[in-house]
Each structure stands twice: as C-alpha cells, then as structure tokens.
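Please look over the sequence and the structure shown below before reading on. The report is meant for a reader who meets this structure here for the first time.

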Amino acid sequence: MAMIYIDAKQKGLAEKLAKTQAKGLGRPIFSNYMQLMTFAAMIGNRCGSMSKVVSRDGEVESDVFDRNRMDGIVYLTSLHETGSGEILRDTKENEAACWKYFEEYAARGLEEVENWMLDNPSDSDGVETILTEMKKVAMALVENEGSDENLKDVTF
C-alpha cells in the first residue's frame with residue numbers, strides 16, 4: 001500500500017480546506033484529504049509541473065483512493081505524465097511511480113491554491129477564491145473550444 005504525503009508547509013492550508021468548516025457551507029470545502037489531494041493534483045497538472053514533498057506532515061493511504069474508486073485518476077495522471085502505457089504495467093516500481101507523480105502534482109497544486117489565497121486575503125475560508133479560479137478555467141476552456149455556452153453569467 002502506498003502513502004501519499006502532504007508537505008508540512010502545506011499542512012495548514014490542507015487543514016483549512018479539508019477539516020475546517022467554511023462559513024457559508026457549514027462544512028469544509030473538501031470532505032477529506034483524498035478529495036483535496038485529487039483537486040490539488042489536477043491543479044498541479046494544469047500548471048504543468050510537480051513539486052517534491054520535502055517534509056511530510058499528513059498522509060492519505062492509497063487504499064482510501066481504491067475504496068472510493070478514485071485510484072483511476074492517479075493512473076491517468078501518471079499516464080499523462082509519462083506519455084507511455086508502460087507506466088500501467090503491474091510492477092511495484094510502476095505502482096510506486098504512479099503514486100509519486102500524483103503526490104507531486106498534488107503538492108504543486110496546493111502551492112498554487114496557496115498563491116490564490118495569498119492574492120485574496122479577504123477570503124478567509126477560500127470558498128470564493130477557489131470558485132473564482134474554477135470559473136476562470138471553465139471560461140478559458142469554453143473560449144478555446146469555441147462553444148456557444150456563456151459562463152460569464154455564472155455566479156457563485
């Protein structure tokens with residue numbers, strides 16, 4: 001079983017987003033670290049880079065992803081990173097590499113979310129900041145795809 005770690009420098013942010021109740025929600029933004037790490041890994045992947053976890057302070061067991069049928073995102077992330085199906089061969093080395101890619105993308109994503117939060121200090125719980133950033137990405141995707149959808153009217 002693999003372990004996915006949260007860097008100590010990001011532990012406070014992780015707790016804020018996955019353990020502390022957001023004012024308007026009455027619950028944390030993310031229900032658990034697994035959901036937060038998945039979101040963060042997608043942000044890191046979108047940034048196009050990874051970050052090493054230097055000082056471990058928080059962890060998620062890979063079994064949590066397996067039980068919740070979220071392990072596929074780990075393998076898709078690895079497939080995207082390597083560009084080769086070889087990473088999906090059933091070996092201990094490949095398995096460890098897949099989880100390491102995911103962990104490092106999540107670390108990079110948490111850095112990006114932290115930067116968003118620093119840019120918007122009035123949003124103490126992060127809800128508005130994260131929703132605004134998600135809207136920006138959605139609007140850019142629609143513009144790039146040439147869709148007729150208009151997300152400018154979307155409000156949170």
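The sections below take up a helix, a glycine and the cysteines of this predicted model.

## Helix α1 and its buried face

Helix α1 covers residues 11-18, and within this helix Lys11, Leu13, Ala14, Leu17 and Ala18 are buried. When α1 is viewed down its axis, these buried residues fall within an arc of 160°, and they therefore line one face of the helix.

The partners of the buried residues of α1 include both strands and helices: they pack against the strands β1 (3-7) and β2 (56-61), and also against the helices α2 (33-47), α5 (92-119) and α6 (127-145).

## Glycine 126 in its loop

Glycine 126 is placed in the loop between α5 and α6, and with a relative accessible area of 0% this glycine counts as buried, because the cut-off for that term is under 20%. If neighbours within four places in sequence are left aside, glycine 126 is in contact with Ile29 and Met117.

Valine 54 stands 72 residues apart from glycine 126 along the chain, and the C-alpha atoms of the two residues are separated by 25 Å.

How many disulfides does a search of the whole structure find? The search finds zero.

Two cysteines can be described by their accessibility: cysteine 47, at 33% relative accessibility, counts as partly exposed, whereas cysteine 98, at 1% relative accessibility, counts as buried. The value for cysteine 47 lies between the cut-offs of 20% and 50%, which is why cysteine 47 is called partly exposed.

Definitions and conventions. Residues are numbered from 1 along each chain as its sequence is written. This is a predicted model: local features need pLDDT of at least 70, side-chain atom pairs count only at pLDDT 80 or more; totals for chains, interfaces and linings use all residues. Side-chain values use heavy atoms; hydrogens and water are left out. Buried means under 20% relative accessible area, exposed over 50%, partly exposed in between (1.4 Å probe, protein chains only). Helices (H or I, at least four residues) and strands (E, at least two) are DSSP runs, numbered from the N terminus. The arc is that of the directions from the helix axis to the C-beta atoms. Contact means heavy atoms within 4.5 Å. A disulfide is a pair of cysteine sulfur atoms within 2.5 Å.
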